[in-house]
Amino acid sequence: MSFRIDPRLPLTGEVRRILADEIGKALGQLETARDKPEQGLHKCRKRLKGVRALLRLVRSGDEPFCQTENECYKQVSALLAGPREATALIETIDRLGSAFPDETAAGELDPVRERLGLDAAINAAVTACREGLERIDRLSLPDQPEQAADILAEGARAALRRAKKALDKASSRGEADDFHDLRKACKTHSMHLSLLGRLWPAPIKARRKAVDKLGERLGELHDVFVMRALLVAAGEPLGPPEDTRLLRKLLKRAEKSLSKTCLADAAELFGDSPKRSARKLARKARDDLAPPHEEAGPVAA
C-alpha cells in the first residue's frame, strides 16, 4: 500500500491505513532480523521512523494518541539500536554454526548469541508493535476538509520549524550535534513530502530531490565527524598521529567543504518562513481534500 495520504478519502481512515501498513511491515522485518539481523533491523527502524513522522504530522488532531504512540515507537527503536550495533557479531556466530554443524548442533553457541541481546530485543519489539496495531482504532481525527487541512499544515509547519532551528544552530555553531539534528529534521521533512505527495504545492518533485540530496550529504558529513572523533579517541583506534596525518588533513578539508554545501542547500530548502510554507499547504489541501463520505472502519491487526 502507498505511503501517501489520499485526499479523496477521510483523513482518519487514511492515517489508520498507513499506520497499520507500516507497523505490519516493521513486524515482517523483525521476523527477517532473526536470520538476517543487519538487514532486518535496519529496515524495521526505517519503517518505525515513517510511523513516527506520520504521528508527528497529524499530532495536533489527536495529541494524546499521537504523543503516546510516538513515544512507544521511539522506545522500540532505541531497544533495537543496541542489537543492531552487534549484528556483525551475531551474524559471525550464525555463520560459525552453519560452517561447523556437528560441533554446534546442540546449541553450544546459543548462550553467547543470547548475551548479545538480539532475540530478547526482537521479541519485545514484536510485542510492542502488535499491541500498537490493536490501538490504531483509537485514533480519531477531524475529517472535514478545512480542519484536516489545518492539521496537516500544522504538522508540516512544526517539522519545518525544527529544520530551520537546526539550520540556524548549525550555521552559528557548526558542531556535529547541530548537523545531526539538521539531518534528522531533513529526514522527517522528506517523509512528510512523501505522505503529502498529492497535497504539497508544486514543484514537489524538485523539492523532494533536493531534500534527499541534502540528506545524503549530511550523512557523508556525519561519517566525517565520526572519523574525526576516532582520531582523537583514547587508544588511538586509527593509529598514531604520524600515521594519520594525511587522513586528518583530508577529513578537515572534507568537513569544511561538506559543511558549506549542506548549509547552503539547507538555507534554500528551510530558509523560508515555516508559517508561510504551511499557509500555502493549507490553502492547497483545503481545495484538494474531499469531504468525508463514510466513517473510518476498524483496521485489522
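Is K280 buried, partly exposed or exposed? Please keep in mind, as we go, that what you see is a predicted model. K280 has a relative accessible area of 40%, and because buried means under 20% and exposed means over 50%, it counts as partly exposed. This lysine sits in helix α12, which covers residues 274-288, and together with K275, R279 and R283 it makes up a patch of positive charge on the surface.

Let me turn now to charges that pair. Side chains of opposite charge can pair when their charged atoms come close. The structure holds 15 salt bridges, and I will take a few of them in turn.

In helix α1, which runs over residues 11-33, E14 and R17 are 3 residues apart, about one turn of the helix, and their side chains form a salt bridge with an N to O distance of 2.9 Å. E14 is buried here, as its relative accessible area is 3%.

R59 and E63 form another salt bridge, with 3.5 Å between the closest N and O atoms; R59 is partly exposed at 34% relative accessibility, and E63 is partly exposed at 39%.

A further salt bridge joins D265 and R217, at 2.5 Å from N to O. This pair links distant parts of the chain, since D265 belongs to helix α11 (residues 245-270) and R217 to helix α10 (residues 204-231), 48 residues apart. D265 is partly exposed, with 25% relative accessibility, and for R217 the value is 25%, which also counts as partly exposed.

Finally, D6, R8 and R198 are connected through a network of salt bridges.

Technical notes
Residues are numbered from 1 along each chain as its sequence is written. This is a predicted model: local features need pLDDT of at least 70, side-chain atom pairs count only at pLDDT 80 or more; totals for chains, interfaces and linings use all residues. Side-chain values use heavy atoms; hydrogens and water are left out. Patches are made of residues with over 30% relative accessible area and no salt bridge: like charges are joined within 9 Å, nonpolar side chains (Val, Leu, Ile, Met, Phe, Trp, Tyr) within 5 Å. Accessible areas come from the Shrake-Rupley method with a 1.4 Å probe; for residues, only the protein chains shown count as cover. A salt bridge is a side-chain nitrogen of Lys or Arg within 4 Å of a carboxyl oxygen of Asp or Glu. Lys and Arg count as positive and Asp and Glu as negative; His and the chain ends are not counted. The place of a charge is taken as NZ of Lys, CZ of Arg, CG of Asp or CD of Glu. Helices (H or I, at least four residues) and strands (E, at least two) are DSSP runs, numbered from the N terminus. Buried means under 20% relative accessible area, exposed over 50%, partly exposed in between (1.4 Å probe, protein chains only).
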